[in-house]
Amino acid sequence: MGAQLLILCEDERGQKLRVGLEKAGFYTVIRETILTGLDFIRDAYPDLIILGSPLRDSSIIDACRRLRQSRSYVPLIVYVEQADDYDRILALEIGADDYVVETPNLRELVARIRAQLRRANEFSMPEIDVIRLGELMIDRSRGQAFRNWRSLDLTPIEFRLLVLLIQHRGQVLSRTQILSQVWGYESQPYDEQIVNVHICRLRRKVESDLSRPALIQTVPGFGYRLAVSLETINA
């Protein structure tokens, strides 16, 4: 089969997801608690995690937090029955890569899973080996970024977002363009929140002074740009 997906969800709903996703060509494993999920991630390192609700031992928000605190940077999609703007933003701030509301069929979820996997594979291909931005160093070949030689522990989405801004330094990128390039799908009205939240999370890790962002600048009414000169080094 194709990529291995970990479904974190109670059994009845998890089994429904499994049937649909395996028809779409994925290999799936279900775990009903965050503890057993973390054990599986350590042992098997799945390609992507789908976090549904409910879990037996955790809320969606707590599960997101525990997954990222464990330094598991496997792509993570939250899949819920109803949209809630507060929970959506909080889940993204904590570390979810995407947030999908359940529909009668799995078409949107499957599309977003494939987009996450495709973009992860594309960004794993090295181009420029090392890029320096002042105190920052981005190692494209290893998918890592450092400040003063200390790892920034970027998630895959954060790393891809930073690389995209670097590739288009000085240019203003709209949220629609960022979604297409980093997440790999066309924008929906609520998806702009996803970009805004991940930009905020990335800034916390790369900016020296959050009150005066020097690297990632907001262009009101348009989007974001990286305003910095770059030094490229061949490793």
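Buried here means under 20% relative accessible area, exposed means over 50%, and partly exposed is in between (1.4 Å probe, protein chains only). By that rule, 48% of the 235 residues of the protein count as buried.

This is a predicted model, in which local features need pLDDT of at least 70, side-chain atom pairs count only at pLDDT 80 or more, and totals for chains, interfaces and linings use all residues. Residues are numbered from 1 along each chain as its sequence is written, and side-chain values use heavy atoms, with hydrogens and water left out.

**Whole chain**

Start with the C-alpha trace. Along its principal axes it spans about 55 × 40 × 30 Å. The radius of gyration is 18 Å, which agrees with the value near 18 Å for a compact globule of 235 residues. That radius is taken over C-alpha atoms, and the globule rule is 2.2 Å times the number of residues to the power 0.38.

Switch to cartoon. There are eight helices and 13 strands. Both are DSSP runs numbered from the N terminus: helices are H or I with at least four residues, strands are E with at least two.

Now show the surface. The protein exposes about 11500 Å², and carbon and sulfur atoms supply 48% of it. The areas come from the Shrake-Rupley method with a 1.4 Å probe; for residues, only the protein chains shown count as cover.

Contact means heavy atoms within 4.5 Å. Among contacts between residues at least 6 apart in sequence, 58% join residues at least 24 apart.

**Stop 1: strand β1**

Select residues 4-8. Five of the five residues of β1 are buried, so the strand is largely enclosed by the rest of the structure. Gln4, Leu6 and Leu8 point one way, while Leu5 and Ile7 point the other way.

Pairing requires at least two bridges found by DSSP. For a landmark, Leu5 stands opposite Thr28 in β2.

**Stop 2: helix α1**

Select residues 11-23. The 13 residues of α1 should span 18 Å at 1.5 Å a residue, and the end C-alpha atoms are 18 Å apart, which agrees. The expected span is 1.5 Å times one less than the number of residues.

Colour Arg13, Gly14, Leu17 and Leu21: these are the buried residues of α1. Seen down the helix axis, they fall within an arc of 95 degrees, so they line one face. The arc is that of the directions from the helix axis to the C-beta atoms. Turn to the face away from the buried side for the exposed residues Glu12, Lys16 and Lys23. Gly25 follows α1, with a positive phi near 105 degrees.

**Stop 3: helix α4**

Select residues 85-94. Here the buried residues are Arg88, Ala91, Leu92 and Ile94. Down the axis of α4 they fall within an arc of 165 degrees, so they line one face of the helix. Their cover includes α3 (60-69), β4 (76-80), β5 (98-101) and α8. Gly95 follows α4, and its phi is positive, near 150 degrees.

**Stop 4: His198**

Move to helix α8, residues 192-206, and pick His198. His198 is buried, with a relative accessible area of 0%. Which residues is it in contact with, leaving aside neighbours within four places in sequence? They are Leu92, Ala96, Asp97, Ile157, Leu161 and Trp183.

**Stop 5: the three-stranded sheet**

Find the open sheet with the order β10-β12-β11 and antiparallel pairing. Its edge strands are β10 (173-174) and β11, each pairing on one side only. β11 and β12 (residues 223-226) share four bridges in the antiparallel sense. Thr218 stands opposite Tyr224 in β12.

Then select Ala214, in the loop between α8 and β11 (216-219). Ala214 is partly exposed, at 48% relative accessible area. Not counting residues up to four places away in sequence, Ala214 touches Glu207 and Ala227. Ala214 and Ala227 are 13 residues apart in sequence, and their C-alpha atoms are 7.1 Å apart.

**Last stop: two phi values**

Most residues other than glycine have a negative phi. Tyr45 has a positive phi near 50 degrees. Tyr45 sits in the loop between α2 (34-44) and β3 (48-51) and is exposed, with a relative accessible area of 56%.

Finish at Asp153, whose phi is also positive, about 50 degrees. Asp153 lies in the loop between β9 (150-151) and α6 (156-167). Asp153 is partly exposed, with a relative accessible area of 24%.
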